[in-house]
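Please examine the complex shown below.

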Amino acid sequence: MTLLWQPSAPDHVPAELMVDFDFFHVPAGVSDPTEIWHDLVRRGVPRIFYTPRNGGHWVFLNYADIAEAYRNYQIFSTYQTPIPPMEPFPVVVPQGVDPPEHDVFRQLLAPMFTPFAVRRMTEGLQHRAEKLISGFKTDGQCDFVADYASKFPTSTFLDLFGLPEERLPEFLRLAHVFFRSTDPEIRAANFAEIYAELEAMFREKERNPGNDMASTIVNARDANGNQHRWIDILNCGFLLFVAGLDTVTNTMAYVWRYLAATPAARAHFRERLDDPAAFLLAVEELMRVTAVSNLFRRVTHDCEFRGVKFKRNDRLILSNTLANRDPAVFERPDEIDLDRKVNNHLTFGVGPHRCIGSHLAKREIMISLQEWLKQIPEFEMAPAQDELSVFAGAVMGFESLKLVW
Amino acid sequence: MRVLVNLAVCQGHARCEDLCPEVFATDPVEGKCVIEQPEFPPELEAKVRLAVRNCPEGALRIAAGETS
């Protein structure tokens, strides 16, 4: 594959800003993949550093720099950003384009993801959570990732896109290969299969529109009264498929892993089942400490930022888990305080690309937790866990999490 | 006291609505902040201040002493 943008040689990077860091690598014995990032802070590496790994990229450590990079799309673009570089990469609208182009699809999607829209999904989400949990409740055990955390967001996607629930096994398989396979051939075939599914879905919704997101997207009209470009429609569908699955799955895995090990936290949530405001406040703290996503950006032009020289096409990783533990912003950043009052974490990013699904994601997690605690108030980690199940990368998490009750 | 929002900065995180629904809401189209009660009563001051401090975009501010 020809690279449209050659990764820049690091001759503009001073030796003192070079750090050897592979964000895919979890050393043996590390049971929490976010720790590979916090270890950088403990090692005292520069607040802005460059690693030659994975094609070479920058890393920002501080909340202020990460937040500024999110906002400053004039320098830090979301266009063609994969790390390691993989080009051409589909331009997934609206995430993969900058304003003003970004705003067209953002405005199309926004009404479907507002708090107002998400509140109307509550009953459906509750029903789905209840059904899934009661399916294994009497077993006294489950693999939380396989039995709940992957199924819940995937079946939510099917519902929102007006696809029948019987397709769940197929979509679970597509998602699993997409997120976990590293074999280029398998990945290419998987990619083609996902796009074929999206193509068929949008064609069907064009002919027989329903009250769902796929129908809204395919039948929307641009400023000139025309349907959006077909490739944009497909890529938008692809974005909505991939963006809300692995992120929610692994956030849930982190949350349940913490609750399984922390009786006081389980009690805290159980005592607040009838107090949605206090429950949500505590969920917000879980969001802060379980930021599983590392976002990519690409530098648009040679420039200087915070006294460091950047070259056009330099790549950059914004790690939300680092921002969320910055002592300049959070009191006692490493402590999980379920009553934390001031908590403007960056788990969903900031600026024009703020995670459009944030309200849905939060509601999925909150409802899952409420339904779970009603049915399974006490649970813990199974004595035998698979140590190889930890992974890092753009999304960090666990392949499996065995719980017993 | 009066609370103001800069809608050019607001990105629809809705933390204000979560923390103080008496004063803040979000619109159903863009999901951005709507201040339903700009001049809030003193008993809501603590909650409004908390909402202001939790806005990840810094889009809210309290104009102390201002009256209409």
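## Contact between the chains

In this predicted model, the contact takes 17 residues from chain A and 17 residues from chain B; two residues are in contact if their C-beta atoms, placed from the backbone, lie within 7 Å. On the side of chain B that touches chain A, the elements giving two or more residues are α1 (15–19) and α2 (45–54) of chain B. Of these, α2(B) gives the most, with three residues. Helices (H or I, at least four residues) and strands (E, at least two) are DSSP runs, numbered from the N terminus.

By class, this side of chain B has six nonpolar, six polar and five charged residues. Ala, Val, Leu, Ile, Met, Phe, Trp, Tyr, Cys and Pro count as nonpolar, Asp, Glu, Lys and Arg as charged, and the others, Gly among them, as polar.

Residues are numbered from 1 along each chain as its sequence is written, while chains are lettered from A and ligands numbered from 1 in the order in which they are written. As the model is predicted, local features need pLDDT of at least 70 and side-chain atom pairs count only at pLDDT 80 or more, whereas totals for chains, interfaces and linings use all residues.

## Chain B

Chain B comprises two helices and four strands, which follow the pattern β-α-β-β-α-β along the sequence. The radius of gyration of chain B is 11 Å, close to the 11 Å that the globule rule gives for 68 residues, so chain B is as compact as a globular protein of that length. The radius is taken over C-alpha atoms, and the rule is 2.2 Å times the number of residues to the power 0.38.

The C-alpha trace of chain B spans about 30 × 20 × 20 Å along its principal axes. Of its 68 residues, 41% count as buried, that is, 20 or more other C-beta atoms lie within 10 Å of their own, with C-beta atoms placed from the backbone.

## Chain A

Chain A has 16 helices and 12 strands. Its radius of gyration is 21 Å, close to the 22 Å given by the globule rule for 405 residues, so chain A is as compact as a globular protein of that length.

Along its principal axes, the C-alpha trace of chain A spans about 60 × 55 × 40 Å. Buried residues make up 41% of the 405 residues. Among contacts in chain A between residues at least 6 apart in sequence, 71% join residues at least 24 apart.

## Helix α7 of chain A

The buried residues of α7(A) are A:F152, A:P153, A:T154, A:T156 and A:F157. They pack against α5, α6 (144–149), α8, α11 (230–243), α12 (246–261) and α16 (358–375) of chain A. After α7(A) comes A:G162, whose phi is positive, near 70°.

The axes of α7(A) and helix α8 (residues 168–180) of chain A come within 10 Å and cross at roughly 115°; axes are lines fitted to C-alpha atoms, for helices over the stretch in contact, and angles run from 0 to 180 degrees between N-to-C directions. The contact is made by A:K151, A:T154, A:S155 and A:L158 of α7(A) and A:L168, A:F171, A:L172 and A:A175 of α8(A). These residues divide into five nonpolar, two polar and one charged.

Conventions. Buried ≥ 20, exposed ≤ 12 C-beta atoms within 10 Å, placed from the backbone.
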